[in-house]
Every structure is written in structure tokens, then in C-alpha cells.
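Here is a set of questions about labels and the values behind them. Each answer sets a value against its cut-off.

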Amino acid sequence: MTASLLGALAVILGAFGAHGLKKLVPPETVTTFETGVRYHFYHVFALLAVGVLYQYFPNAQMVWAGRLFMIGIALFSGSLYLLTMLKATNTVGLSGIGIITPIGGLFLVAGWLFLFLSLLKK
């Protein structure tokens with residue numbers, strides 16, 4: 001259920017990025033936003049796979065893989081969306097938010113590693 005809602009959100013944000021965002025921010029900021037949407041979408045499919053695989057591999061590592069993917073989407077993609085919004089509104093002083101992006105990336109990597117560990121437990 002969570003993957004389907006996050007997937008819908010990714011489509012909405014992707015459409016906004018393709019149609020409305022270009023009027024508000026420079027091209028490099030659009031590229032940043034598109035990176036957020038792309039990784040958001042990739043990990044929606046990973047989260048969906050975790051949901052399906054949990055039926056066959058019901059263990060704590062699989063549960064944590066899903067949690068880590070959700071946290072990673074929120075931190076990685078969310079920080080890129082936030083940075084884009086700050087750029088669009090000319091908000092200054094919050095550029096340090098960019099440090100959240102690589103932390104989110106680490107959560108995404110951890111999700112993949114937990115998925116791997118979960119499948120090893122068969």
C-alpha cells in the first residue's frame with residue numbers, strides 16, 4: 001500500500017517537474033528535482049518488491065529493507081525536493097539541507113543490503 005501511494009506521489013511530482021517547474025527555477029535546479037523523482041521511483045519499485053518477497057521470506061531483515069527504503073526516499077528525494085522549493089522561493093540560509101541527501105542515499109544502500117541479507121536467510 002505504501003509503495004502504491006509513494007508511486008502516485010512520484011508521478012505527480014514528476015509531472016510537476018516536467019511541466020511547471022521549468023518556469024520557476026533554473027535548468028540545473030530542474031535536474032536536481034528530476035534526480036529526486038528518479039530515485040524516488042526506483043525505490044518505489046524496490047519497496048513493492050519487498051512487499052511481494054515478504055510473503056516468501058518473512059524475516060526481520062526484509063521488514064528493515066522496506067523501512068530503510070521509505071526513510072531513504074524521504075531523506076534523499078525529500079531533501080532534493082526541499083532544495084528545489086527553497087530555490088524556487090529564493091529562500092536563503094537553508095542550503096545546509098543538502099547534507100541530508102547523502103544520508104538518505106546511505107539509507108537506500110542499507111535497504112538494498114538488508115534485502116540481500118533477507119534473501120540469504122532462506
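Q: What share of the 122 residues in the protein is buried, and what makes a residue count as buried?
A: Buried residues make up 38% of the 122 residues in this predicted model. Buried means under 20% relative accessible area, exposed means over 50%, and partly exposed lies in between, with a 1.4 Å probe and protein chains only.

Q: What do the numbering and the confidence limits rest on?
A: Residues are numbered from 1 along each chain as its sequence is written, and side-chain values use heavy atoms, with hydrogens and water left out. The model is predicted: local features need pLDDT of at least 70, side-chain atom pairs count only at pLDDT 80 or more, and totals for chains, interfaces and linings use all residues.

Q: How many helices and strands does the protein have, and how is a helix or strand assigned?
A: The protein has four helices and zero strands. Helices (H or I, at least four residues) and strands (E, at least two) are DSSP runs, numbered from the N terminus. Along the sequence the pattern reads α-α-α-α. The C-alpha trace spans about 50 × 25 × 15 Å along its principal axes.

Q: What share of contacts between residues at least 6 apart in sequence joins residues at least 24 apart, and what is a contact?
A: That share is 74%. Contact means heavy atoms within 4.5 Å.

Q: Why is Thr 29 called buried?
A: Thr 29 has 8% relative accessibility, so Thr 29 counts as buried. Thr 29 is in helix H2 (residues 27-53). Not counting residues up to four places away in sequence, Thr 29 touches Thr 84 and Lys 87.

Q: Is Tyr 39 buried, exposed or partly exposed, and what value decides?
A: The value is 32% relative accessibility, so Tyr 39 counts as partly exposed. Tyr 39 belongs to helix H2. Tyr 39 touches Phe 76 and Ser 77, not counting residues up to four places away in sequence. Gly 111 is 72 residues from Tyr 39 in sequence and 13 Å away in space, C-alpha to C-alpha.

Q: What makes Gly 14 partly exposed?
A: Its relative accessible area is 26%, so Gly 14 falls in the partly exposed class. Gly 14 sits in helix H1 (residues 2-19). C-alpha to C-alpha, Gly 14 and Phe 45 are 16 Å apart in space and 31 residues apart in sequence.

Q: Why does Tyr 54 count as partly exposed?
A: Tyr 54 has 38% relative accessibility, so Tyr 54 counts as partly exposed. Tyr 54 lies in the loop between H2 and H3. Leaving aside neighbours within four places in sequence, Tyr 54 is in contact with Asn 59, Met 62 and Val 63.

Q: What describes two packed helices?
A: The angle between their axes and the distance between the axes. Axes are lines fitted to C-alpha atoms, for helices over the stretch in contact, and angles run from 0 to 180 degrees between N-to-C directions.

Q: At what angle do helix H3 and helix H4 pack, and what is that arrangement called?
A: H3 (residues 60-88) and H4 (residues 100-120) pack at about 160 degrees, with their axes 7 Å apart. That makes H3 roughly antiparallel to H4. Angles under 35 degrees count as roughly parallel, over 145 as roughly antiparallel, 65 to 115 as roughly perpendicular and the rest as oblique.

Q: What is the handedness of the H3 and H4 crossing, and which classes of residue make the contact?
A: The crossing is left-handed. Left-handed means the near helix is turned anticlockwise from the far one by less than a right angle; clockwise is right-handed. The contact of H3 with H4 has 21 nonpolar, eight polar and no charged residues. Ala, Val, Leu, Ile, Met, Phe, Trp, Tyr, Cys and Pro count as nonpolar, Asp, Glu, Lys and Arg as charged, and the others, Gly among them, as polar.

Q: Why are H2 and H4 called roughly parallel?
A: Their angle is about 25 degrees, with axes 12 Å apart. H2 and H4 are therefore roughly parallel.
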